[in-house]
Amino acid sequence: MLVLTTFVRQARNLIASFLYNKYIFSVILLCFSLFLVMVKKSNTPSLTPAIISDNIPSPETFNDGIPLPKIITFDLDYTLWPFWVDTHVTPPLKAKDNNTKSIDRWGESFSFYPDVPSILLSAKSTSPPITLATASRTSAPDIATSLLKQLHLPSTSETNTSSKASGKRAYDIFDYMQIFPGDKKTHFQRIQKASGVAYDEMLFFDDERRNRNVESLGVVFWEVPSGVTRAEVDRGVREWRKRKGREQRET
């Protein structure tokens with residue numbers, strides 16, 4: 001009888017110890033999960049939806065009558081928008097405020113840099129229209145593509161308010177899209193093959209200097225460490241003209 005009592009007591013203590021340790025582990029796991037959420041929120045940029053208006057001019061070089069590149073290509077992360085899609089954005093995504101921004105699983109808001117909508121739209125208003133492309137090495141191409149489909153470009157007749165309806169999807173304004181991990185030279189080789197346009201007729205905007213290696217193909221690279229703005233587009237176009245000896249109007 002004494003042996004049985006001792007066994008029961010030991011078994012009870014073992015079970016109690018197991019349950020207590022399991023409870024402690026659950027508490028630690030919960031705290032760690034909350035910590036990860038707080039870190040994510042603190043590292044995700046706070047964004048204001050990018051809205052185009054009649055008061056926002058297009059880049060000066062788009063209207064000065066001097067030759068333009070036939071293809072202008074943009075990187076995505078920290079070039080067209082101020083975040084990395086593979087680290088800052090957690091799907092599923094949902095468009096908000098008439099597609100001027102996208103909200104992820106954690107309620108974080110994502111949109112373009114402020115000047116981007118007007119730049120993309122005005123590129124298609126030149127004569128002839130500039131061919132637009134993307135060249136991104138993100139490891140989350142599906143998320144990047146979803147964002148481009150959800151973020152719309154308001155028409156130029158709309159005022160600078162988030163209540164206005166949006167128009168064309170950003171996804172639809174690009175003629176060529178190359179979004180996959182790897183050397184950017186591969187991206188441009190595919191763009192050139194699909195378009196038939198010579199490399200020396202291409203201008204590339206990117207925030208990472210390492211991607212300057214595309215210049216070995218003949219592409220002109222312009223670094224935008226703080227993202228694309230109208231001023232940066234003008235500087236990049238003028239650099240392209242300078243290198244190609246096309247700084248004057250052509251008849």
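Buried means under 20% relative accessible area, exposed over 50% and partly exposed in between, with a 1.4 Å probe and protein chains only. The model is predicted: local features need pLDDT of at least 70 and side-chain atom pairs pLDDT 80 or more, while totals for chains, interfaces and linings use all residues. Residues are numbered from 1 along each chain as its sequence is written, and side-chain values use heavy atoms, leaving out hydrogens and water.

**View A. Aromatic pair of Tyr78 and Trp84.** Rings of Phe, Tyr and Trp (its six-membered ring) pair if their centres lie within 6.5 Å; planes under 30 degrees apart count as stacked, over 60 as edge-to-face and the rest as tilted. By this rule there are seven aromatic pairs. In one of stacked geometry, the rings of Phe74 and Phe205 have centres 5.5 Å apart and planes at 15°. Phe74 belongs to strand E1 and Phe205 to strand E9, 131 residues apart; strands are DSSP runs of E of at least two residues, helices runs of H or I of at least four, numbered from the N terminus. Both Phe74 and Phe205 are buried. Tyr78 and Trp84 are edge-to-face, at 4.9 Å centre to centre and 70° between the planes. Trp84 is partly exposed, with a relative accessible area of 44%, and Tyr78 is partly exposed at 22%.

**View B. The largest nonpolar core.** Such a core is a set of buried Ala, Val, Leu, Ile, Met, Phe, Trp, Tyr and Cys residues joined through side-chain atoms within 4.5 Å. Among its 39 residues, Phe74, Trp81, Val85, Phe112, Leu132 and Val228 touch the most other members. Elements that each supply at least two residues include strand E1 (71-74), helix H3 (116-123) and helix H7 (230-244). Helix H3 gives the most, five residues.

**View C. Buried face of helix H4.** The buried residues of H4 are Ile143, Ala144, Leu147, Leu148 and Gln150. Down the axis of H4 they fall within an arc of 165°, so they line one face of the helix; the arc is that of the directions from the helix axis to the C-beta atoms.

**View D. Surroundings of Asn211.** Asn211 lies in the loop between E9 and strand E10 (220-223) and counts as buried at 1% relative accessibility. Beyond neighbours within four places in sequence, Asn211 is in contact (heavy atoms within 4.5 Å) with Arg137, Lys184, Phe204, Asp206 and Phe221. The C-alpha atoms of Asn211 and Glu223 are separated by 9.0 Å.
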